[in-house]
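Let's walk through this structure together, helix by helix. Keep the model open beside the text and look for each part as it comes up.

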Amino acid sequence: MIEFLQQLVEGLSAGAIYAGLALALVLIYRFTGIVNFAQGELAMFSAFLAWQLSQIMPFWAALILTLALSFVGGMLIERVVIRPVEGAPEITLVIVTVGLFFTIHAAAGWIWSYQTKSFPNPFPEGALRGGGLSVGYGSLGVLLVVGVVMALLYLLFRYTRIGLAMRAVACNPQSAKLVGIRVGTVLALGWGLAALVGAVSGVLSAPLLFLEPNMMGGVLIYAFAAATLGGFDSPGGAVAGGLIVGVAETLTGAYVDAIGTELKIGVPLVIILGVLLLRPQGLFGHAAVERV
């Protein structure tokens, strides 16, 4: 029983990282209807940026500056890359985000090389122990950070004018424009916010995965599974989906001998396929209804 609880804790810690990136995916999808395949690379680039800045300033100052730069970078991407193809067929938008994926990946490799780097852990070493369980401070820190991010987003969308405008644009851009909301500005803010949340996920992942341009590839697959499971129109569902996927991956790898650690990457793919077949809108999403 103790071993099972230990695996459960580790699964929740991994799931929190997946939830952070899934949350960024859901934010962009809600505002623009775009599935951003470059979200993982944006998070990776932000992690590299935090590492580079930490060489010349204290880590927490570097982190704050990285989050600010990621927010601005997300807004610039929306303005320069996404807005020119706004309203284009969905396949065009998919191709643009895939192209953005390869561009950012290549840029990171060109700037920082493909050699693995060690990223400073923002949380102290050690663990809480009791009743046979051991919970690392890093795991607790990851869960706490994702919880705080989710709470701040809730407060933003629920109690601020900007959040209200973002919700209006997410629901109906045409109606929002008619009541005087600057839809283009709100969309740019949405991309900036998603880039900021993705940066948090990248910084949390880097100490565990080591810093290199391919680090977020696997995390992105798990994040897609989390967003699909929770529902692409539900930020809370993305977090819940991330935790479920993390626990499912960890328990499957630990207790299903045929899968083990080598084939765990198949778990999110099975989850994606199962959800699309049984409940395409996800556990917490809403089915799209069109009037004829």
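The axes of α1 and α2 come within 10 Å and cross at roughly 125°. This makes α1 oblique to α2, where angles under 35 degrees count as roughly parallel, over 145 as roughly antiparallel, 65 to 115 as roughly perpendicular and the rest as oblique. An axis here is a line fitted to C-alpha atoms, for helices over the stretch in contact, and the angles run from 0 to 180 degrees between N-to-C directions. The helices (H or I, at least four residues) and strands (E, at least two) are DSSP runs, numbered from the N terminus. The crossing of α1 and α2 is right-handed; a crossing has this hand if the near helix is turned clockwise from the far one by less than a right angle, and is left-handed if anticlockwise. On the α1 side, the contact is made by Leu21, Ala24, Leu25 and Ile28, and on the α2 side by Gln39, Gly40 and Ala43, with contact meaning heavy atoms within 4.5 Å. These residues divide into five nonpolar, two polar and no charged. In this grouping, Ala, Val, Leu, Ile, Met, Phe, Trp, Tyr, Cys and Pro count as nonpolar, Asp, Glu, Lys and Arg as charged, and the others, Gly among them, as polar.

A word on what you are looking at: this is a predicted model, in which local features need pLDDT of at least 70 and side-chain atom pairs count only at pLDDT 80 or more, while totals for chains, interfaces and linings use all residues. Residues are numbered from 1 along each chain as its sequence is written, and side-chain values use heavy atoms, with hydrogens and water left out.

Stay with α1 for a moment and find two of its residues. Is Ser13 buried or exposed? Ser13 lies in helix α1, which covers residues 2–32, and it is buried, with a relative accessible area of 9%. Buried means under 20% relative accessible area, exposed over 50%, and partly exposed in between (1.4 Å probe, protein chains only). Leaving aside residues up to four places away in sequence, Ser13 touches Ser139, Val142 and Leu143. Glu3 is also found in helix α1, but Glu3 is exposed, with a relative accessible area of 53%.

Next, follow α2 to its contact with α3. These two helices pack at an angle of about 145°, with their axes 9 Å apart, and their crossing is right-handed. From α2, the contact uses Leu42, Ser46, Leu49, Ala50, Leu53 and Ser54; from α3, it uses Phe59, Ala62, Leu65, Thr66, Leu69, Ser70 and Ile77. Sorted by type, the residues of this contact are nine nonpolar, four polar and no charged.

Now look along α3 itself. This helix (residues 59–82) has 24 residues and reaches 32 Å from its first C-alpha to its last, close to the 34 Å expected at 1.5 Å a residue. The expected span is 1.5 Å times one less than the number of residues. Among the buried residues of α3 are Phe59, Ala62, Leu63 and Gly74. Which helices do the buried residues of α3 pack against? They pack against α2 (39–54), α4 (90–112) and α8 (183–209).

That brings us to α8. It has 27 residues and reaches 38 Å from its first C-alpha to its last, close to the 39 Å expected at 1.5 Å a residue. Helix α8 is mostly covered, as 20 of its 27 residues are buried. After α8 comes Phe210, whose phi is positive, near 70°.

Ser113 has a phi near 70° too, a positive value in a residue other than glycine. You can find Ser113 in the loop between α4 and β1 (127–130). Ser113 is partly exposed, with a relative accessible area of 27%. Not counting residues up to four places away in sequence, it touches Ala108 and Pro213. Ser113 and Pro213 are 100 residues apart in sequence and 8.1 Å apart in space, C-alpha to C-alpha.

Finish with the pair α9 (residues 217–230) and α10 (residues 235–255), whose axes come within 7 Å and cross at roughly 125°. The two helices are therefore oblique to each other, and their crossing is right-handed. The residues of this contact divide into seven nonpolar, four polar and one charged.
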